[in-house]
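Work through the two exercises below with the sequence and the structure in view, trying each task before reading its solution.

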Amino acid sequence: MILVTGGAGFIGANFVLDWLAQSDEAIVNLDKLTYAGNRENLSSLAGDPRHIFVHGDIGDAALTSQLLARHQPRAIVNFAAESHVDRSIHGPEDFIQTNIVGSFHLLEATRGYWGSLPDEAQRRFRFLHVSTDEVYGSLARDEPAFSELHRYEPNSPYSASKAASDHLVRAYHHTYGLPVLTTNCSNNYGPYHFPEKLIPLVIVNALAGKPLPVYGDGQQIRDWLYVRDHCSAIRRVLDAGRPGETYNIGGWNEKPNLDIVHTVCLLLDELRARGDGKPYRDQIVYVADRPGHDRRYAIDARKIESELGWRPAETFASGIRKTVQWYLENQDWVRNVQSGAYREWVEKNYQGRDQ
Ligand code: NAD
Ligand code: TYD
């Protein structure tokens with residue numbers, strides 16, 4: 001079996017669902033269930049003995065050591081993190097606690113467990129750390145995309161905390177020989193994406209007749225990857241990646257934010273037109289920019305493509321259509337995640353920001 005952390009969040013839940021759709025290898029899923037963790041994402045697995053959910057913190061070394069000793073996983077995939085840049089600007093402390101201190105405790109528990117394994121199991125064991133392209137900082141328009149050799153230049157408390165965890169993972173390989181793999185992925189989108197991030201926020205606000213907030217001039221560029229393509233890349237790295245290596249994962253889909261918002265609006269015009277016949281883009285409003293906003297991210301995915309033969313299955317056009325359709329078909333899920341805590345966040349982030 002494998003141990004997944006953060007498997008009730010956006011990418012983790014997609015990973016768990018995809019994994020169990022393709023294999024009978026069981027998963028222990030350790031998740032703290034922060035505001036971003038949602039057991040409803042996994043409701044289709046209710047009663048499935050291949051999925052063991054544990055409510056807990058990666059920073060609880062006693063708990064993780066006990067889970068490792070009891071379940072003897074052959075691998076750990078570490079998704080657990082505080083993941084939202086805007087939240088890291090309003091309150092960085094949770095990011096330091098989970099992304100840095102939590103990852104450290106998880107690594108320590110893993111080192112203890114791994115050290116106790118027989119030689120063959122030790123050789124086959126993997127610790128896969130899921131990270132982000134944001135650790136590389138921001139690119140100018142004409143600069144080449146981030147390769148694995150790009151220097152780390154994190155600019156937000158979120159990316160700095162992820163960079164620190166990447167460094168710890170690297171150090172555990174070089175110092176202790178722990179067989180680690182690190183993946184640095186671009187922006188994901190798809191089902192179960194919490195509606196505080198750009199794409200689900202735009203879908204949810206558009207349908208509710210609310211403003212679609214575009215930060216600054218909307219010309220910041222992100223490199224979008226459909227979440228299930230990210231999951232297939234992680235499975236591939238887990239199977240065939242070389243311990244100690246890092247792999248950048250991206251979809252060759254660089255797009256300015258404003259184009260993303262326009263694309264979502266056009267799809268909604270087609271699939272769920274507004275009652276008054278007007279286009280959803282009329283709801284776009286420009287709001288004050290994010291402090292320290294990175295201008296451009298772009299992933300050079302040639303290493304994972306040439307070494308491991310991985311390629312994304314979706315184009316942006318096919319992935320974004322599937323995503324918009326999923327949100328239209330899962331309005332109950334949307335309603336359930338918009339709790340009081342969600343509404344408080346929206347007020348905190350957008351109040352007084354109108355331009
Ligand atoms: P998310 O915020 O949707 O989910 C994070 C999950 O981790 C939640 O279920 C939460 O409850 C859990 N968690 C948080 N703190 C925990 C702790 N201390 N112990 C145990 N569980 C804890 O995030 P996501 O978008 O699914 O991202 C998953 C991982 O992928 C993160 O490490 C993130 O940095 C990375 N990543 C995300 C993106 C993206 O576009 N979303 C892109 C590249 C990399
Ligand atoms: P986000 O989904 O928060 O991901 P990240 O900051 O990790 O890239 O934001 C994606 C881009 O969209 C980013 O450049 C910020 C921008 N953005 C807006 O313009 N308006 C919004 O309301 C949000 C949430 C994001």
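A residue counts as buried when its relative accessible area is under 20%, as exposed when it is over 50%, and as partly exposed in between (1.4 Å probe, protein chains only). The model is predicted, so that local features need pLDDT of at least 70 and side-chain atom pairs pLDDT 80 or more, while totals for chains, interfaces and linings use all residues. Residues are numbered from 1 along each chain, ligands are numbered from 1 in the order in which they are written, and side-chain values use heavy atoms, without hydrogens or water.

**Exercise 1.** Locate Asp294 and describe its surroundings.

Begin with the chain: Asp294 sits in the loop that runs between β12 (284–287) and α10 (302–308). Next, consider charge: Asp294 is buried but has no salt bridge, the nearest side chain of opposite charge being Arg222, 5.5 Å away, whereas a salt bridge needs a side-chain nitrogen of Lys or Arg within 4 Å of a carboxyl oxygen of Asp or Glu. Finally, the side chain of Asp294 makes a polar contact with that of Tyr297 at 2.6 Å.

**Exercise 2.** Describe the surroundings of ligand 2.

First take the shell, in which 18 residues surround ligand 2, with Glu134, Arg222, Arg290, His293 and Tyr350 the closest. Then turn to the elements: β8 (212–215) is one of those that supply at least two residues, and β8 gives the most, with three. Last, a polar side-chain atom of His293 lies 2.7 Å from an oxygen atom of ligand 2. Taken alone, ligand 2 exposes 510 Å², of which the protein buries 97%.

Definitions and conventions: Helix = DSSP H or I, 4+ residues; strand = E, 2+ residues; numbered from the N terminus. Lys, Arg positive; Asp, Glu negative; His and termini not counted. Polar contact = N/O pair within 3.5 Å; in protein donor to acceptor, adjacent residues only side chain to side chain. Contact = heavy atoms within 4.5 Å. Near = heavy atom within 4 Å. Areas by Shrake-Rupley, 256 points an atom, 1.4 Å probe, with all protein chains shown as cover.
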